[in-house]
Structures are given as structure tokens and as C-alpha cells.
Amino acid sequence: MTSRIPRDSRLRLVRPRPLAAAPRAMNQQRSRRPAPRPPEGTPAPAELARMARSGLAGAARVARWADAALGPGGDSATADGKATLSDATAERAASDLGLTPAQVRADWDTARLAGLVEVHGDSARPGWRLRAWNRDDSAVLRGWVALFDAWSLAFPEPEDHEPAAVAEVVSAMPQVLSFLQLSAGPVPVEQLLDLLEQRVTELRTARCEIPYGPQPEPAAEPEPTDAPLAPLLDWALRALASVGALTYGDGQATLTPLGSWAVWVKLEQICVAAQSPAGNIEQGAEDMLRGCAQLRPNAARAEYRAWLAARTVGSAVTELLDAARGEDALLRGLAFEALRVVGAPAEPDVRAVLDEPTLRPYALLWLAEHDGADPEDAHEVLTREEATWLWVDTAAAVADHGEAPLLVRHLESAVQPTVPMLLDEVRAVGHPRTVQVLVALAAAHPDPALAKAVRRAAFQVHTGGS
């Protein structure tokens, strides 16, 4: 029996819709929950947006200055093509805005984390949120939540601690924030430290960090376990206070209204995912992507958002890119769909994989769309060779997970005008799955002459002939 659900005959994994077989009927009828209401006492969205605008006023001011002074044809934002302001630019901005260079740099970093300004090479341009800053409360709140998600980047890490320990604290902080949100008031730091220690212990246990073999007798006076984590908790609370998520002082911490609302939003996303038919919230990236492969695009994006909400941005992006490096081309395409949901915070990591041949075409398309290119036109950033490599990779995903007619229709998406030209360039591009793709295409195609030519090309690739 064939599905009656229409499919995209061109079947591009890199488009903003996941490639998969038709969703099963059981996934189509999703029970609707009533729209959740925030906790009593949460300010209205307009008031929350006013608070966010106030907290990000300095960042918006620097972003507008950059739009006027550092756009195309203006001065360079940086001297080395990175996102850090050059000394000359920081001093010029400080003079123009009546600030110190240190204040400019701080506001600049905040603007980048909130998506108010985007740096491309040595030029800067305003993000879409800045364009909508005065008229769209949802854009303002999304910008603030982006900053909230990146809190660990907003404040310098302690220099005398192992990166692994810092990562553990960052991974454990969502539980600390949830506790603060549920407490709805000031919480002593000692209580938060106890909770942090418990959560870090759970994380280490989940990684099976259990010593094997004979162990020495414990010391008569064991060192207190809170010594390494206390300064890291102090750093985390200061970082969260710097983005406006909480207030911290006199030995206690309290979520601000914006911070409480943001934590509630994250918890709601997790609850929605836990109640969904897919239920991928606790899965690793690879299993989550496989679970989302059968969902419609909107449902898959909802799963991505909920999965991301339960993790720090850095660890989630790393997991997704690791999944994209695997052998399954379907997961490669879906991983970059999930990275589109991450948005601007993923840009440095996506840009860093441009030198990896397997990920380069996907990363180029992601960056083109992130820079504002229409998804229909984003493929124009690819060279002919990159487009051909991507065609083979997508065909591999179809051969592994799709149906034979879908693979035949995939021919339509090739950039080459004729099948012989396509076969010549496919053989030259050197994709590791070329032989399997051509064999599957030959078996699926109804035209005997074309199928014979494809089989011949597969044999030539296999034997190294011409």
C-alpha cells in the first residue's frame, strides 16, 4: 500500500524540511494541550518585553551604531576577521557613544549573543531582531532568551578550573534554575550548592565514572566536596546575573521576572516533548534525530526546540555536529535542520566545520540561509563539485531510508542538465557512497537504457576504470 501523503519530488535534505518517509498515520493525530499559562504573578508579555528592552538598551545602541558605521562600505569591525572588536573600532565607538572602550566591548558581545548584530568577515550588519526591536515584543523576548541561553559565554570563566568541571556545572545549572523558579523567592547559596553537588554527582554517575580494582582506604578526614564547586557556582550565578536572569548578593540568589519566565518557558518545552508521541527529550542527538525522521516538518522542529531546551547550547551543537559526521546521510541533513532551530549561537561551530568535506556543503547552505538568503536560492553558494557531492549524499539517504520512486525523482534535483554529465561528475566527486547510490538508482529506474548506463558507471567507479 502506498502513502497518500504528497511528497517533495526533489527531496532535498538541506532544505528547511526534514527528509523522511511519509509520516505514519499514528503521528498525524496529535492531541492538543490547552495553551499553558505562566505562573501566577508573571508579568504580561508586553511588560516582559519592556524589561528586556531596558536590559538590552546598551546592546541595541551599539548594534545601531555598528549598522551605521560598520556596514558595507564603512570601516572594518575587526582587524582579523573575527567577531571581537578591534581596538580602533572600540575606541571610535566609545568616542561616538560617550562610553569607555570596555563598555562598548561588553555591549557589543551582548548584542552578538542576543542576535542584534551579526558579524560577517570584517563587516557587521543588524540582525533581524534589531529591525523589529521597537514594534515586535516577541522579537525582543527571543533576543533576550538567546542571551539567556548563552549565559556561560557572557561572563569570563574561572581560569584555575578544569574545562571538564566548568562543563559539568554548565550542564547542571538548568536544575539549579528550575529550583530557583519553583522557590519563587530568594534561595541561600548554600542550598544551591548542595543541589549543584547532587546534580554533578548524578552526571558523573551517568557516565559510569566508577573506579575499578582495589581502592586505597579513605582518608580519616576527607576533603570537603564543595571546595571545587563553590567558586564555579559563584561564577555561574554572576554570569546569570550579568544577563539579567537573577539577582545575586548577600549569600542568596533570586530569579528576576524575566529569568523566572524564561525558565518556565524552557520547562514547558520539555514537558511538551515528554508528552509527545516521539518523546525524544532524553535521547542523544543521533537517536533524537532518528525519532524525528518520521515527523512532519513542524512537529520535528518542535521536538528539536524541546530537545535543545533541555541542554546547553554548546553541548547540543557539539552533539548535533557529531551526529552529522556519522555514516548516515539522513542524520546529516536532519542535524543541520536542528541547527537551523539553534540559530545564531551555532554560527561559530558551523563555520568551524567548513574545512570538513563531509559537512562543508551543509554548512555553506546553513550559513547562506543564516545570512538571509532565500532557502530556494541558497544552493547558489555551492560550487558545481560541492552541489554534486551533496546530490550523492542526499541520494544515499534516499537509498537507505526512502522508496525506489523517490530515488528516481531525485534525479530532477541534479544541477547537471543531462544524465551522462551527472554520471561523469558523480564519478569524479569521490563520494564514498557513490557505488551504492548508482547501483540503487540503476535498480530503481524504469528506463532500461538509462539503468544500464548507471550500472556501467557504478562498475567503473568500483573498479577504478573510466
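Predicted model: local features only at pLDDT ≥ 70, side-chain atom pairs only at ≥ 80, totals over all residues.
A search of the whole structure finds 23 salt bridges.

Start with Arg105 and Asp87, whose side chains meet in a salt bridge with an N to O distance of 2.6 Å. Arg105 belongs to helix H4 (residues 101–113) and Asp87 to helix H3 (residues 87–97), so this pair ties together parts that are 18 residues apart in sequence. The two partners can also be described by their accessibility. Asp87 has a relative accessible area of 55% and is exposed, while Arg105, at 24%, counts as partly exposed.

The next pair is Arg204 and Glu168. Their closest N and O atoms are 2.9 Å apart, and they form a salt bridge. Arg204 sits in helix H8 (residues 189–206) and Glu168 in helix H7 (residues 163–183), so the contact ties together parts that are 36 residues apart in sequence. Is Glu168 buried or exposed? Its relative accessibility is 9%, and because buried means under 20%, Glu168 counts as buried. Arg204, at 35% relative accessibility, counts as partly exposed.

Asp322 is partly exposed, with a relative accessible area of 44%. Arg325 is partly exposed too, at 38%.

Salt bridges can also join into a network. Which residues are linked in this way? Glu286, Arg290 and Asp328 are linked in a network of salt bridges.

Key: Residues numbered from 1 in each chain as written. Heavy atoms only, no water. Salt bridge = Lys/Arg side-chain N within 4 Å of Asp/Glu carboxyl O. Helix = DSSP H or I, 4+ residues; strand = E, 2+ residues; numbered from the N terminus. Buried < 20%, exposed > 50% of the residue type's maximum accessible area, 1.4 Å probe, protein only.
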